[in-house]
Amino acid sequence: MQDSFLSSDLHLQGLNPEQLRATKHFEGPILVLAGAGSGKTRVLTARVCHLIHVHGVPADRILSVTFTNKAAGEMKERIARLLGSAPAGMWVGTFHAIGARILRRHADRLGWDRTFSIFDADQSLRLVKSVQDSIGLDPKRWSPKAIRNEISSAKNQLITATAFAQEHEGSFDLYLRNVAKVYPEYQKALERQNAFDFDDLLVKPVELFDAVPELLDRYRDRFGFVLVDEYQDTNRAQFRFVELLSDQHTNLMVVGDDDQSIYGWRGADIRNILDFEDAFPSAVTVRLEQNYRSSEKILDAANHVIAENLNRKGKTLRTERVGGEPLTILESFDENDEARWIVGEIETRVRETPGSSYSSAAVLYRTNAQARALEDAFRREGIPYQVVGGVRFYARREIQDVLAYLRLISNPRDAVAFARVVNYPRRGIGLTSQEHLVRWAAEQDLSLLEAALRASEVPKLRAAGARGLERFAELIQRFGVRATQARVGDLLEELVEDLDLVRHLVEEGPDGEDRARNVTELIAGAVDFDSTQVQSVAEEDIDTFTELDLFLQQVALVADVDRLDPSSDTATLMTLHNAKGLEFPIVFIAGMEEGLFPLGRAYDDPETLEEERRLFYVGITRAENKLSLCWARQRRRAGDFNYNTRSSFIDAIPEELIEERRSKRLSITAQSTPHRSGRAWRSEGGGRDNGGDEYEPDPDLAMNQDTPRFLKGERVVHQTFGSGSVVEISGFGRDLKVTVDFDDVGRKKLLLRYAALEKDWP
């Protein structure tokens, strides 16, 4: 049909030349390389409207695939608004939703009933555990979650259970041999229960089309035009699904940005977008390089950074917003100093910039573990914030599990803590055993822990369950004695080691390492804990509590902050991965250090290093007006200090685009290089050797010549108590104490080597 552009063509208004070219494309394959902030969603919706309104394509012949339900909903609303009514019969949805829709119609062709169930992650994990039990594969030794993730990875690469078993049943890798035993039985169990897991919603439609050619032909005829958003994030199964539907008519539009491909760790294959023109030789390529979000200096920095990557199609973002503020590179002393500076900058911006609000600012970081110091700083200054894409640090599952152990050690009658951890990590204590124990404990008027010590006396309780309960109770009892003598940091470190918790977490799969880092971050907080900082216990009563009691009390108060109203004016904290697709006037990227960002292990693989650089590019291009890149000389991990160098990613940014700043602590006190030790430097994440030494601080902080000296009458700042005046100094060396009248909380006596006081510089 001829183009017949009408004055009512609202979908074309305001489009730039490249957007118009993509929108007006009619038949044949087209690759739209959509740079950050270039209006790709607008192009997708405009093209759908153009196909319907100008070319006369029936709406029910169009399939538009998105990656989130939110994106699908927004696309439907925009199209309906532009056309004046909803496009009847058009399919718009995620890959999983489209797959489920097809299977609801044709699952019987594969041996399932069309009333099948869809197992979520928890249900599929339980099924994996059940299969392991049935074949005698010990789930305490072989993590069901790790096995489930391996099966998921295989499915996303279109490797069937039969093919996986044939490839790995004789493998030298014992782990893969065990997965090869579980995978086929797991798939049979799904079929027996008439269920698909989430991966099957991607895989089974492909199997269906391969197995029933006439059905594939029907869908090819039905969907004469296929559009795919976020194409750089597709995996093998998703690519094959799209290819099967469109390889005859080739009316396929894919929109994506190879420079924002950041999900390789969960199966996304960047080759899908890089090799699109090989798969579809007649493809037209359109680059959307006009950015409508960021200032010129921010985009110049982004362009220089991403140009370092070799595996990319190539494009250069541009903007009409000439100039702009320079990027700030902030050097700080440690993660607490970094967090304090970020919070101070946000407060200053909101106070001094007309129209600014806390919601204008976002703080991005590479790992969830970095959130602890940031959250502490926001709470301390009373600035409202929200954590996006996850829960607050102390509410995370792995942190709650560890804290439940500590609560039970501190209070043996804590039944909630007992129930949470009695079988975590697994020790053979099932729900039936727990039910028998609960009933008997009530009859005997015992706490659950007391009853567990006498589990062999519990009627109907199997011997294995009784042994597991007794061992658990003895562990809690042993650590209860230790808690009366040990520092809480030492206690927690010993507990995590005794449980072998880090290994259990790492074996859970892609999220396992992040969870393990969170636990080591909790240990770091416990090591840093100073009982004199607990405000809700009078100084004279401190000695009546163990340090564990005081630590738990402080954590409970920190974790029990009021929940934030999502519509309130709050700063945003999130990982760089969760920031994709978002934008903020003011952005801070924290932890710009070698070994943390990029992660140390990235240097073992050039492709991984390029993905880390793409993640940095994503972070840069979230910023509209102001971007600050922050790094710390030292960062504490599980009680150990890592001494850092600035991330090499920053080196690609031209000097004329940046301003270098140092935190007040560094610029005023002129901290010198810390004391060296003879141990090798270890990068966070276990990556490359940095070629230097790891540094350790002088354990006697009171004798360190870099530690600030305090005089009576001086103004000082404490991380928790705020500002105050020194009124007394007593003791010597490691026992040096300082008494401070704090403006908000009154008089406190602090042990100087733990107090981390700073001079309140004007």
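This is a predicted model: local features need pLDDT of at least 70, side-chain atom pairs count only at pLDDT 80 or more; totals for chains, interfaces and linings use all residues.
A residue counts as buried here when its relative accessible area is under 20%.

Next come the neighbours of strand 2. Strand 2 runs parallel to strand 6, and four bridges join the two. Another four bridges join strand 2 to strand 3, again in parallel. Val 65 is a handy landmark for both pairings, as Val 65 stands opposite Val 228 in strand 6 and also opposite Gly 93 in strand 3. To get from strand 2 to strand 3, the chain passes through helix 3, and this β-α-β crossover is right-handed. Helix 3 itself, residues 69-83, lies across strand 2 and strand 3 and runs at about 155 degrees to strand 3.

Zooming out, these strands belong to an open sheet of six, ordered 3-2-6-7-1-8 and paired in parallel. At the edges stand strand 3 (91-94) and strand 8 (284-288); each has a single partner strand, so one side of each is left without a neighbour in the sheet. From one strand to the next, the twist averages 15 degrees. Further along the order, strand 1 (residues 30-34) and strand 7 (residues 252-256) run parallel and are joined by four bridges, with Ile 30 standing opposite Met 253 in strand 7. Helix 2, residues 40-53, packs on this sheet and touches strand 1, strand 2, strand 6, strand 7 and strand 8. The direction of helix 2 makes about 170 degrees with that of strand 6.

Aromatic side chains are another thing to look for, with 21 aromatic pairs in the structure. Take Phe 209 and Tyr 219: their ring centres are 5.7 Å apart and their planes sit at 50 degrees, so the pair is tilted. This pair links distant parts of the chain, with Phe 209 in helix 9 (residues 200-211) and Tyr 219 in helix 10 (residues 213-222), 10 residues apart. Phe 209 has a relative accessible area of 1%, so it is buried. Tyr 219, at 3%, counts as buried too. Both rings are part of one aromatic cluster, made up of Phe 67, Trp 91, Phe 95, Phe 209, Tyr 219, Phe 223 and Phe 241. One of these, Trp 91, falls within strand 3 (91-94), which stands at an edge of the sheet.

Charged side chains pair up as well, and the count comes to 58 salt bridges. One of them brings together Lys 313 and Glu 277, with N and O 2.2 Å apart. Here again distant parts of the chain are linked: Lys 313 is in the loop between helix 14 (296-306) and strand 9 (327-332), while Glu 277 is in helix 13 (residues 276-279), 36 residues apart. Lys 313 is partly exposed at 21% relative accessibility, and Glu 277 is partly exposed at 28%.

A salt bridge between Arg 601 and Glu 513, at 2.8 Å from N to O, spans 88 residues of the chain. Arg 601 is in the loop between strand 13 (584-589) and helix 27 (606-620), and Glu 513 is in helix 24 (residues 512-528). Relative accessibility is 33% for Arg 601, which makes this residue partly exposed. Glu 513 also comes out at 33% and counts as partly exposed.

The closest N and O atoms of Arg 397 and Asp 401 are 3.8 Å apart, and both residues lie in helix 17 (residues 397-410), four residues apart, about one turn of the helix. Arg 397 is partly exposed at 28% relative accessibility, whereas Asp 401 is buried at 6%. Both residues also take part in a network of salt bridges that links Lys 145, Arg 397, Glu 398, Asp 401, Arg 420, Glu 508 and Arg 515.

Key:
Residues are numbered from 1 along each chain as its sequence is written. Side-chain values use heavy atoms; hydrogens and water are left out. A salt bridge is a side-chain nitrogen of Lys or Arg within 4 Å of a carboxyl oxygen of Asp or Glu. Buried means under 20% relative accessible area, exposed over 50%, partly exposed in between (1.4 Å probe, protein chains only). Two strands pair if DSSP finds at least two bridges between them. Axes are lines fitted to C-alpha atoms, for helices over the stretch in contact, and angles run from 0 to 180 degrees between N-to-C directions. Contact means heavy atoms within 4.5 Å. A crossover is right-handed if, with the strands pointing away from the viewer, the path from the first strand over the helix to the second runs clockwise. Rings of Phe, Tyr and Trp (its six-membered ring) pair if their centres lie within 6.5 Å; planes under 30 degrees apart count as stacked, over 60 as edge-to-face and the rest as tilted.
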